[in-house]
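The tour moves from one selection to the next.

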Amino acid sequence: MEDQLGSLGLALNAVIWWNSLYLDAAIKHLRAQGFPVTDEMCAHLSPIQYEHINFLGRYAFSHADVAGGLRPFHDGGHEPS
């Protein structure tokens with residue numbers, strides 16, 4: 001049971017780090033595009049969102065191609081296929 005809790009904590013920490021990384025990149029991208037992102041807006045953001053992660057499933061991991069940096073943002077007008 002303790003091993004499972006430790007694994008869940010590790011997964012949650014990884015999700016929070018990943019979300020923080022992309023939140024920061026999204027804010028910088030929006031500001032570069034001229035959108036007035038204020039500190040007040042940013043105060044309402046939280047990296048503790050993990051709806052896109054299934055903590056009950058099995059996962060296979062492979063090396064990501066990180067040479068190109070972060071993955072591109074979604075268009076927003078289209079659902080990912």
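What follows is a series of stops, each with something to select and a note on what is there.

The model is predicted, and the residue numbers start from 1 along each chain as its sequence is written.

**Stop 1: helix 1**

Select residues 2-32, which make up helix 1. Trp17 has its place in this helix, and so does His29. Lys28 and Asp24 are in helix 1 as well.

**Stop 2: a surface patch**

Now select Trp17, Trp18, Leu21 and Leu70 and show their side chains. These residues form a nonpolar patch on the surface. Together they have about 390 Å² of accessible area. Is Trp17 buried or exposed? Trp17 has a relative accessible area of 54%, and because the cut-off for exposed is over 50%, Trp17 is exposed.

**Stop 3: the salt bridges**

How many salt bridges does the structure hold? There are two.

For one of them, select Lys28 and Asp24. Their closest N and O atoms are 3.1 Å apart. The two residues are four apart in helix 1, so about one helical turn separates them. Lys28 counts as exposed, at 52% relative accessibility, while Asp24 is partly exposed, at 38%.

Then select Arg31 and Asp39, whose side chains also meet in a salt bridge. Here the distance from N to O is 3.6 Å. Arg31 is partly exposed, with a relative accessible area of 40%, whereas Asp39 is exposed, with 63%.

**Stop 4: the second largest pocket**

Which residues are closest to the centre of the second largest pocket? The pocket holds about 310 Å³ of space. Select Tyr22, Arg71, Pro72, Phe73 and His74: of the ten residues that line the pocket, these are the closest to its centre. Colour the lining by class and it divides into six nonpolar, three polar and one charged residues.

**Stop 5**

His29 lies in helix 1 and counts as partly exposed, at 38% relative accessibility.

The tour ends here.

Definitions and conventions: This is a predicted model: local features need pLDDT of at least 70, side-chain atom pairs count only at pLDDT 80 or more; totals for chains, interfaces and linings use all residues. Side-chain values use heavy atoms; hydrogens and water are left out. Patches are made of residues with over 30% relative accessible area and no salt bridge: like charges are joined within 9 Å, nonpolar side chains (Val, Leu, Ile, Met, Phe, Trp, Tyr) within 5 Å. Accessible areas come from the Shrake-Rupley method with a 1.4 Å probe; for residues, only the protein chains shown count as cover. A salt bridge is a side-chain nitrogen of Lys or Arg within 4 Å of a carboxyl oxygen of Asp or Glu. Buried means under 20% relative accessible area, exposed over 50%, partly exposed in between (1.4 Å probe, protein chains only). On a 1 Å grid over the protein atoms alone, a cavity is a set of points where a 1.4 Å probe fits but cannot get out, and a pocket is an open set with protein on both sides within 12 Å along at least five of seven lines; lining residues have an atom within 4 Å of a point. Grid points are joined across faces, edges and corners, and a volume is the space filled by probe spheres set on the points. Ala, Val, Leu, Ile, Met, Phe, Trp, Tyr, Cys and Pro count as nonpolar, Asp, Glu, Lys and Arg as charged, and the others, Gly among them, as polar.
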